[in-house]
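Here is a short briefing on a protein model. Look at the picture first, then read the points by topic.

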Amino acid sequence: MEKFDVLIAGGGVTGAAIAWQLARLDLKVALLEKEEDISEGTTKANSGIVHAGYDAMPGTLKARLNVRGNEMIHEMADVLNFDFNNTGSLVICFDEEHRPALEELYQRGLSNHVPGLRIVEKEELHEMEPELSDQAVCALYAPTAGVVDPFTLAISMAENAADNGVEFFFNTPVETIEKTETGWLVNGEFETKLFVNAAGLEADDLHNMVCEEKIHIRPRRGEYFLFDKDAGKMASHVLFQQPTAAGKGVLITPTAHGNLMIGPTADFTETKEDINTTAEGLAQVREKASMTIDHLPFNQVITSFAGLRAVPEGGDFIIGENADGFIDAAGIESPGLTSAPAIGEMVAEIIISKLHPGPNENYKPERRGFVNVNDLSREEWKVLIEQDPAYGQMVCRCEKVTEGSIKDACSRSIPARSLDGVKRRVRAGMGRCQSGFCSPRTMEIISETLNIPFDEVTKSTKGSKIITGRNKEDIQ
Amino acid sequence: MENHKQLVIIGGGPAGLAAAAAAKKAGLDDILILERDSQLGGILNQCIHNGFGLHTFKEELTGPEYASRFIDQVNELEIPYRLNSMVLDVDKDKNVTYVSSEDGLQTINADAIVLAMGCRERPRGALSIPGTRPAGIYSAGTAQKLTNIDGEMPGREVVILGSGDIGLIMARRMTLEGAKVHVVAELMPYSGGLKRNIVQCLDDYDIPLKLSHTVTNIKGRERVESVTIAEVDENRKPIPGTEIEYPCDTLLLSCGLIPENELSKEADVEISRITNGPVVNESLETNVPGIFACGNVLHVHDLVDFVSQEAAKAGEVAARYVLEGIPESEHEIDIKTGGLVRYTVPFKVDPNRMDENTIVRFRVGNVLKGGFVNVYVDGERKIHKKRMIMAPGEMEDIVLRKEWITPETKEILVETEAA
């Protein structure tokens with residue numbers, strides 16, 4: 001029987017942030033994740049926006065944690081070495097009639113203590129964003145907003161936690177939670193004093209297994225298009241459409257790596273598995289985004305995808321101790337990605353108040369980033385190749401990812417074990433050919449580095465093997 | 001490594017190899033081929049089917065055999081090449097920067113460059129096919145690599161979208177290796193591949209080809225579980241009620257090839273919106289003097305024989321450019337297109353620089369039966385040739401004669417005429 005002080009359920013950005021915060025305490029902590037990697041659920045398919053924090057109603061958890069999370073991400077980026085770009089955001093008003101509502105949003109931002117907000121008028125707005133439609137009349141500018149790579153945000157926090165002693169159990173869904181004298185017994189094999197529920201879309205299932213007052217999480221799908229980096233320069237800020245009676249609109253944004261992305265839709269789905277895109281949803285994104293920029297180069301779309309938000313019934317995040325020793329971090333929908341580090345901090349405070357741990361004396365805050373040769377000077381790259389020739393061997397030609405980076409991704413405390421795992425860490429296969437050329441070689445490197453047979457290498461989950469057998473094996 | 005070369009050829013596939021051999025034979029000594037893969041030959045190495053070389057060698061070779069004929073020539077001619085060497089950057093001053101484990105980062109200044117980078121396949125994402133994103137969706141070329149090079153099956157029950165040649169070839173290959181190919185769906189009302197491939201790869205194996213059909217849904221969480229195809233109307237929109245769901249574990253995509261011109265763009269080479277390749281003149285020279293292009297990076301070919309032929313021309317002119325200099329173009333005449341002709345390569349000719357005969361290759365935008373190809377020079381018809389059938393999947397060519405064209409010529413027109 002394994003005994004822990006804290007057990008976290010869920011390896012999305014929320015669970016990763018909680019683990020990252022707890023790693024600095026003298027506690028025995030483990031994280032259970034049902035899939036084989038970090039960021040396999042909502043974290044892998046969202047807008048990647050670091051919101052400024054004017055949107056949520058003053059006094060809500062969302063408002064407080066968004067502003068705090070934003071502040072933390074600015075500080076963390078250089079310590080954990082994930083990709084963050086402080087682009088600023090614009091909420092664009094397309095009709096003078098809607099200006100009062102924009103002013104209201106500005107006021108709400110002030111109440112939420114969002115720094116640097118101001119309304120920009122048409123001329124300045126078009127100077128800031130030359131491709132913008134002529135219909136745009138003014139916008140709310142938030143200089144602290146930005147874009148983050150959601151995968152490496154979550155992975156870097158998890159990796160830092162693992163490097164500092166947090167244990168990770170993958171392919172381990174939480175199936176049973178039983179009350180014990182000292183805390184909880186999970187799956188009959190993990191004993192813990194405190195249980196943290198960061199199970200994303202399934203957080204209500206876990207909560208309802210234990211708590212009197214039931215919660216309900218509804219999956220709401222968002223569909224997106226991602227464009228080639230050639231189109232990345234069409235927007236330099238996160239461009240929101242001002243919400244109106246007609247709807248919330250869609251956003252256009254550069255990504256943390258310089259692609260252009262548009263989306264999302266917002267449709268409730270029947271099941272928590274409906275991560276499929278739909279013809280209707282994609283058509284809707286296309287149409288709505290064209291209001292912001294009317295000449296989007298749809299011939300440069302490199303992929304479309306969908307993700308599910310975990311929408312809580314009450315509207316606000318559900319964070320707190322809702323049964324004795326059972327702490328929820330549930331209903332983390334937008335601005336959940338931005339808020340995650342602050343949620344980690346808040347949950348850690350609850351845990352400190354319960355267990356009164358001392359600090360982890362050996363805690364190391366720094367986490368080494370992956371090498372992206374595009375960010376190196378020629379001289380730096382030369383030196384690196386001399387040290388390790390694998391950094392001169394190109395594997396992914398579209399994103400310029402070397403064998404060295406892929407091997408590194410497969411050799412960390414939380415290693416990439418699949419094509420998607422590699423893709424999310426170092427971007428091999430993320431480019432314009434969408435892994436057409438590099439996937440067989442990447443599979444070889446995964447196979448060699450992790451000692452997995454080539455034909456066992458997966459796309460992202462246990463059942464997603466790329467290879468189905470040897471040639472002619474099925475011929476009688 | 002020395003930092004200057006007379007000629008750098010980017011790409012060691014069929015185009016790069018033929019260009020190198022021709023340049024050497026034309027008297028140029030100081031040549032370097034840069035190849036990103038671990039061997040020369042390019043995509044031919046995974047094309048283990050036969051049918052290559054009928055025009056060039058008058059015999060039927062497999063892809064690797066065809067490649068080896070040119071690799072042997074390159075070796076006999078002692079033309080240097082670097083493998084595992086990825087070109088990162090080319091500028092208009094003809095500085096070529098590449099990276100490899102062995103050489104590190106190198107920048108070479110070249111007197112001339114031949115662009116021979118080939119093309120890539122259009123991925124699923126570019127097609128915006130709705131559905132989930134499980135394992136089991138591959139471009140036909142990726143599946144070909146796994147099957148033919150690694151000996152591993154990428155699937156058992158297969159649906160193919162797109163009737164490009166690689167898709168057709170893979171329909172047969174997968175069948176021969178023990179998979180069941182249920183259907184090939186093609187969005188257009190005609191195939192994108194060669195007629196001979198439809199006969200030899202689909203008909204011979206009773207694999208149905210459904211024209212005017214597309215994929216409307218993909219199901220499966222971890223691995224593909226089914227693919228739905230539906231008929232499309234004349235606007236290529238799916239017709240409700242025509243959907244058929246095929247239980248399967250694999251979807252192969254063969255939906256077009258895109259010339260890989262990211263490097264060309266960095267060197268300020270003008271790219272055609274129709275071919276997605278460089279705009280070249282009769283010398284296969286781009287708008288940047290001394291940078292030439294050939295093979296699939298210039299425009300996507302059906303037959304490697306024509307790639308070799310075109311590349312030899314590029315290599316030869318590049319050699320002449322370095323050794324003698326070719327006169328700056330004074331009077332380039334655009335080749336206009338009419339009827340169903342979508343583009344021509346070359347896009348323009350300079351009568352002072354033309355050979356006696358210039359091959360002009362082109363594709364049509366739709367199927368035309370029993371029509372004609374016409375060439376007009378200043379309104380005078382020079383060519384009027386009947387073609388049994390012209391189709392988008394089959395490249396056409398005509399020969400433009402120097403004697404028809406003078407520095408005073410204003411217009412050259414290549415057109416199709418309905419029967």
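The secondary structure of chain B comes to eight helices and 30 strands. Keep in mind that this is a predicted model.

**Overall form of chain B**
- Chain B has 419 residues, and a compact globule of that length would have a radius of gyration near 22 Å.
- The value for chain B is 22 Å, which agrees with a compact globule.
- The C-alpha trace of chain B spans about 65 × 55 × 40 Å along its principal axes.

**A helix pair in chain B**
- Two packed helices are described by the angle between their axes and the distance between the axes.
- In chain B, helix α1 (residues 14-25) packs against helix α8 (residues 304-323).
- Their axes are 7 Å apart and meet at an angle of about 40 degrees.
- α1(B) and α8(B) are therefore oblique to each other.
- The crossing of α1(B) past α8(B) is right-handed.
- On the α1(B) side, the contact residues include B:P14, B:A15 and B:A18.
- On the α8(B) side, they include B:V304, B:V307, B:S308 and B:E316.
- Sorted by class, the residues of this contact are 15 nonpolar, two polar and one charged.

**Where chain A touches chain B**
- Chain A gives 47 residues to the contact, and chain B gives 41 residues.
- Three helices of chain A, α7 (279-292), α9 (378-387) and α12 (439-450), each supply at least two residues of the side that touches chain B.
- The strands β18 (301-312) and β23 (469-470) of chain A also each supply at least two.
- The side of chain A that touches chain B has 18 nonpolar, 17 polar and 12 charged residues.

**Annotated domains**
- In chain A, an unreviewed UniProt entry lists "domain: FAD dependent oxidoreductase" over residues 5-349.
- That span of chain A, residues 5-349, is 29% helix and 28% strand, and its end C-alpha atoms lie 14 Å apart.
- For residues 394-448 of chain A, UniProt (unreviewed entry) gives "domain: BFD-like [2Fe-2S]-binding".
- Residues 394-448 of chain A are 45% helix and 9% strand, with end C-alpha atoms 17 Å apart.
- In chain B, UniProt (unreviewed entry) lists residues 6-300 as "domain: FAD/NAD(P)-binding".
- Residues 6-300 of chain B are 22% helix and 30% strand, and the end C-alpha atoms lie 27 Å apart.

Notes: Residues are numbered from 1 along each chain as its sequence is written. Chains are lettered from A and ligands numbered from 1 in the order in which they are written. This is a predicted model: local features need pLDDT of at least 70, side-chain atom pairs count only at pLDDT 80 or more; totals for chains, interfaces and linings use all residues. UniProt positions are given in the numbering used here, feature names are shortened, and annotations may be inferred rather than shown by experiment. Helices (H or I, at least four residues) and strands (E, at least two) are DSSP runs, numbered from the N terminus. Axes are lines fitted to C-alpha atoms, for helices over the stretch in contact, and angles run from 0 to 180 degrees between N-to-C directions. Angles under 35 degrees count as roughly parallel, over 145 as roughly antiparallel, 65 to 115 as roughly perpendicular and the rest as oblique. A crossing is left-handed if the near helix is turned anticlockwise from the far one by less than a right angle, and right-handed if clockwise. Two residues are in contact if their C-beta atoms, placed from the backbone, lie within 7 Å. Ala, Val, Leu, Ile, Met, Phe, Trp, Tyr, Cys and Pro count as nonpolar, Asp, Glu, Lys and Arg as charged, and the others, Gly among them, as polar. The radius of gyration is taken over C-alpha atoms; the globule rule is 2.2 Å times the number of residues to the power 0.38.
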